Amino acid sequence: MSRMTHARYRNETEPISAFDVDDNYDLYSEEDRREFRCIFCDSQIQFSRGKAHDDPHFKNWPLKEHGENCKVPNSIKQLEGKKNEVELQTLVSTILPRAMRPSVSISPGAKTHKDKAKRYVGKQTRKFIYDLKNVLDSKNRFAVDEEYKDLTFLTEANDEVKIEDIIMTQDKIINALDSNGGQGFICILKGTVSKVKEAKGSYIVDMTKSKNGIYGNSKGFKLYMPYDFVSKNESKMNSIKNSLIICYGIASKTDYGYQMDLYSIKNQVAVLMTFT
Ligand SMILES: [Zn+2]
């Protein structure tokens with residue numbers, strides 16, 4: 001049985017997330033709930049709140065299969081024979097935004113920071129980033145565990161991306177931005193937080209930079225938290241200091257340098273280890 005995090009709803013152009021449906025559950029009539037379709041093959045799918053009402057997702061409509069060439073069932077099939085020590089199924093069933101490739105820009109519909117936060121870094125992201133942490137090998141500098149190296153994920157654009165291609169060092173992100181003309185894209189930064197500064201009410205989180213760049217950190221990179229997100233995050237700021245983290249977000253080149261937007265520490269960041 002395939003699970004999916006996103007669906008197409010009626011004639012809406014942007015896919016809708018299962019968490020969004022769950023948050024507004026009462027607004028969907030029984031008839032509305034017959035209108036969810038697979039974003040890849042357009043087969044009818046069903047919304048489920050999960051066993052304890054804490055795991056919203058989409059699943060096959062009873063007795064209806066995905067289309068013959070749909071990538072969703074194949075994405076689940078790749079787990080056959082894998083050690084299921086971690087929640088692989090929830091990981092590969094997360095449908096990533098189309099912008100997971102540096103060459104594809106983020107949706108033009110998401111203009112403000114609030115739009116971007118809602119669209120790209122909600123609760124679905126939190127689940128994904130925490131599951132992702134579990135496939136990294138703590139004994140090998142948190143590289144992707146051998147067992148899971150060949151895992152692929154689906155994006156809204158019907159692409160498949162390899163796990164190793166979406167977890168990037170700051171140098172790798174900077175190179176990608178330089179070669180695509182500085183167009184923002186979604187990816188996962190892996191790096192170490194050095195210090196947090198305040199600037200006009202916003203937060204600037206500097207990532208460590210070293211001359212030899214042994215960890216792919218020869219160039220300066222920062223996380224940028226706009227001021228209207230600060231109060232929600234203030235109490236969590238200390239949890240990322242001096243820590244190796246993975247952070248899911250929109251990387252871009254601005255007048256102030258290379259950066260990734262940080263709207264929610266809880267949803268976007270998983271701490272891998274903290275240096276004392
Ligand atoms: Zn399908």
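The model is predicted: local features need pLDDT of at least 70, side-chain atom pairs count only at pLDDT 80 or more, and totals for chains, interfaces and linings use all residues. Residues are numbered from 1 along each chain as its sequence is written. The chain has nine helices and 17 strands. These are DSSP runs numbered from the N terminus: H or I over at least four residues for helices, E over at least two for strands.

**Overall build**

- The radius of gyration of the chain is 19 Å, close to the 19 Å that the globule rule gives for 276 residues, so the chain is as compact as a globular protein of that length.
- That radius is taken over C-alpha atoms, and the globule rule is 2.2 Å times the number of residues to the power 0.38.
- The C-alpha trace spans about 60 × 40 × 40 Å along its principal axes.
- Buried residues make up 33% of the 276 residues.
- A residue is buried if 20 or more other C-beta atoms lie within 10 Å of its own, exposed if 12 or fewer, and partly exposed in between, with C-beta atoms placed from the backbone.
- Of the contacts with a separation of 6 or more, 65% join residues 24 or more positions apart.
- A contact means that the C-beta atoms of two residues, placed from the backbone, lie within 7 Å.

- Ten residues of domain 1 are in contact with nine residues of domain 2.
- The largest nonpolar core has 62 residues.
- A nonpolar core is a set of buried Ala, Val, Leu, Ile, Met, Phe, Trp, Tyr and Cys residues joined through C-beta atoms within 7 Å.
- I173, C187, I188, L189, I246, C247 and L262 have the most contacts inside this largest core.
- Domain 1 and domain 2 both give residues to this core, so it lies between them.
- Setting aside residues up to four places away in sequence, C187 touches M100, I166, M168, I173 and A251.

**Two open sheets**

- Strands of a sheet pair through backbone hydrogen bonds, either parallel or antiparallel.
- Here, two strands count as paired if DSSP finds at least two bridges between them.
- Two bridges join β2 (residues 6-9) to β4, and R8 stands opposite R37 in β4.
- Another open sheet has three strands in the order β1-β6-β5, again with antiparallel pairing.
- Its edge strands are β1 (3-4) and β5 (45-48), each pairing on one side only.
- β1 pairs with β6 (residues 57-60) over two bridges: R3 has K59 as its bridge partner, and M4 stands opposite F58.
- β5 and β6 pair over four bridges, and S48 stands opposite H57.

**Helix α5**

- The buried residues of α5 (residues 123-133) are Q124, T125, F128, I129 and L132.
- These residues cover an arc of only 125° around the axis, which puts them on the same side of α5.
- The arc is that of the directions from the helix axis to the C-beta atoms.
- The buried residues of α5 pack against β3, α1 (18-23), α3 (88-92), β15 (243-254), α9 (265-268) and β17 (269-274).

**Residues to look at**

- K222 lies in strand β14 (residues 222-225).
- K222 counts as buried, with 24 C-beta neighbours inside 10 Å.
- Leaving aside neighbours within four places in sequence, K222 is in contact with I204, V205, D206, M207, G257 and Q259.
- K222 and L27 are 195 residues apart in sequence and 40 Å apart in space, C-alpha to C-alpha.
- L63 has a positive phi of about 65° although it is not a glycine.
- L63 is found in the loop between β6 and α2 (71-77), and is exposed, with 5 other C-beta atoms within 10 Å.
- K200, also not a glycine, has a positive phi near 50°.
- K200 sits in the loop between β12 (185-199) and β13 (202-207), and is exposed, with 6 other C-beta atoms within 10 Å.

Definitions and conventions. Domains from an automatic or database assignment.
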